[in-house]
Amino acid sequence: MATPTISLDRTDPYRPPTEHVRLQEDAPISWVQLADGRQMWVLTQHEDVRAMLADRRFSSDRRDPRHPSHQPYMGPDHRPGLIEMDAPDHTRVRRSVVGEFTVQKLAAWRPRIQEIVDASIDDMLAGPAETDLVQALSLPVPSAVIAELLGVPYADHDFFQDNSAEFVRAGATAEERGAAVGRLKAYIAELVQEKTKSPGEDLLSRQILAGTDPEEVVSLGFLLLIAGHETTANMISLSVATLLDRREHLAELRDNPERTVGAVEELLRYFTIAEIGAARLAIEDVEIGGVQIRAGEAVLGLTNTANRDPLVFPEPDELDFTRMARNHLAFGFGPHQCLGQNLARLELEIVLATLLRRIPTLRLAVPFTEIPFKEKGPNYGVYELKVAW
């Protein structure tokens, strides 16, 4: 039987690719070829993806050229960051910082995040009654939050925003991505040196004072700077676009603001924007769902499709803000489950509730079909979202 070829591109913002759904129905664990020629196992059912992500026999170390997320700049001397580590190093490094992202710790940030959101909306309302929400709100809010959390001067946000965008840009070459990584890490390394001499009241300073290796602090800062604004910005834009397109859901949240928390979970499940985080390399023979996966074989959990698994989420293609689907895989699962998930939830909740309350006449300024979606690349989202009020 010929190896099926699948694409990871998304052409419908409201549904996973048709061939992914077909695999879920007919062959939920399949050996496939991607459009770029790489071959690997793909998992499409919720149970199987969770099992794989929780199993330490699947490695996250991307230095191995067989790993599906390996990049040419990741040579044998490449020092892996947190998301590229396996136990015991991963356990040690994650334990040193996970306390910064507990629900209780982040609750203290709610007033400051609210101030940042209100300031961005103030700026929107002070200008023309039409704007690109990506530039006016979606990017500035998480950028400002993560900058303050890390102790990064917000005045430098254009630098790290531009280089972060280059790193995740669809079509960027390995050299271009590697150069963006180099610039960001050099910037953070200089910042860490300054904080070593004069620590502040921020996450990076606390890591330095705790005796964390400076290179690990740089790596952690790089990860949080990239992940801390790019993914949340995409989720803000997608969520607002959907509410403005499907206005019955907009009315539901306006009439029932207490459903905002549930809406955030459902929208996270619905879009599952960062599937590449579920890429692994089998380092031992493993059986998943009755299928034998051999050591050295690449595996990708199609989490967007797994989050539409009808065995777990009845009527999965419907948005249901009362579903409270906290068992979704938008933040991954297992040891590498997203470190900043509680921060992302908090930002999304505050942004959506505040935006609907303060700009009740908000509407799309272009038809939904004309919104430029990011169909390729590691993070789904929109390039631009023109809105008016």
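This is a predicted model: local features need pLDDT of at least 70, side-chain atom pairs count only at pLDDT 80 or more; totals for chains, interfaces and linings use all residues.
I began with strand β4 (residues 58-59), which runs antiparallel to β6 and is joined to β6 by two bridges. Strands pair here if DSSP finds at least two bridges between them. Helices (H or I, at least four residues) and strands (E, at least two) are DSSP runs, numbered from the N terminus.

Residues are numbered from 1 along each chain as its sequence is written, and side-chain values use heavy atoms, with hydrogens and water left out.

**Entry 1**

I looked up which residue F58 pairs with in β6, and the bridge partner is A282. I then followed the whole sheet: six strands form an open sheet in the order β1-β2-β3-β9-β6-β4, with mixed pairing. The edges are β1 (5-6) and β4, each with a single partner strand, so one side of each is left without a neighbour in the sheet.

Three bridges join β6 to strand β9 (residues 298-301), and the two run antiparallel. W41 has V299 as its bridge partner in β9, and L43 stands opposite G301.

Are the faces of β6 covered or open? I found both faces of strand β6 (residues 279-282) covered, with A279 and L281 buried on one side and R280 and A282 buried on the other. I keep "buried" for under 20% relative accessible area, "exposed" for over 50% and "partly exposed" for in between (1.4 Å probe, protein chains only). In β9, A298 and L300 point one way and V299 and G301 the other way, and all are buried.

**Entry 2: the three-stranded sheet**

I found another open sheet, of three strands in the order β5-β11-β10, with antiparallel pairing. Here β5 (130-132) and β10 (363-364) stand at the edges, each with a single partner strand, so one side of each is left without a neighbour in the sheet. Two bridges join β10 to the antiparallel strand β11 (residues 386-388). L364 has V387 as its bridge partner in β11.

**Entry 3: two helix pairs**

I took α9 and helix α11 (residues 214-227), whose axes come within 9 Å and cross at roughly 125 degrees. That makes α9 oblique to α11. For the record, axes are lines fitted to C-alpha atoms, for helices over the stretch in contact, and angles run from 0 to 180 degrees between N-to-C directions. Angles under 35 degrees count as roughly parallel, over 145 as roughly antiparallel, 65 to 115 as roughly perpendicular and the rest as oblique.

I listed the residues that meet (contact means heavy atoms within 4.5 Å): V181, L184, K185, I188, A189 and V192 in α9, and P214, V217, V218, G221, F222, L225 and I226 in α11. By class, this contact of α9 with α11 has eleven nonpolar, one polar and one charged residues. Ala, Val, Leu, Ile, Met, Phe, Trp, Tyr, Cys and Pro count as nonpolar, Asp, Glu, Lys and Arg as charged, and the others, Gly among them, as polar.

Then helix α12 (residues 230-245) and helix α14 (residues 260-271): they pack at an angle of about 100 degrees, with axes 11 Å apart. That makes α12 roughly perpendicular to α14. The contact is made by M235, L238, S239 and T242 of α12 with L267, L268 and F271 of α14. I sorted them by class as five nonpolar, two polar and no charged residues.

**Entry 4: loop residues**

T272 sits in the loop between α14 and β6. I saw that T272 has a positive phi of about 40 degrees although it is not a glycine. Is T272 buried or exposed? T272 counts as buried, at 1% relative accessibility.

E315, in the loop between α15 (303-306) and α16 (341-358), is not a glycine either and has a positive phi of about 45 degrees. E315 is exposed, with a relative accessible area of 61%.

I also checked the peptide bond between A87 and P88, which is cis, with omega about 5 degrees. P88 lies in the loop between β4 and α3 (89-97).

Last, A172, in the loop between α8 (157-168) and α9 (174-197). A172 counts as buried at 7% relative accessibility, and touches E166 and R177, not counting residues up to four places away in sequence. A172 and G377 are 205 residues apart in sequence, yet 9.2 Å apart in space, C-alpha to C-alpha.
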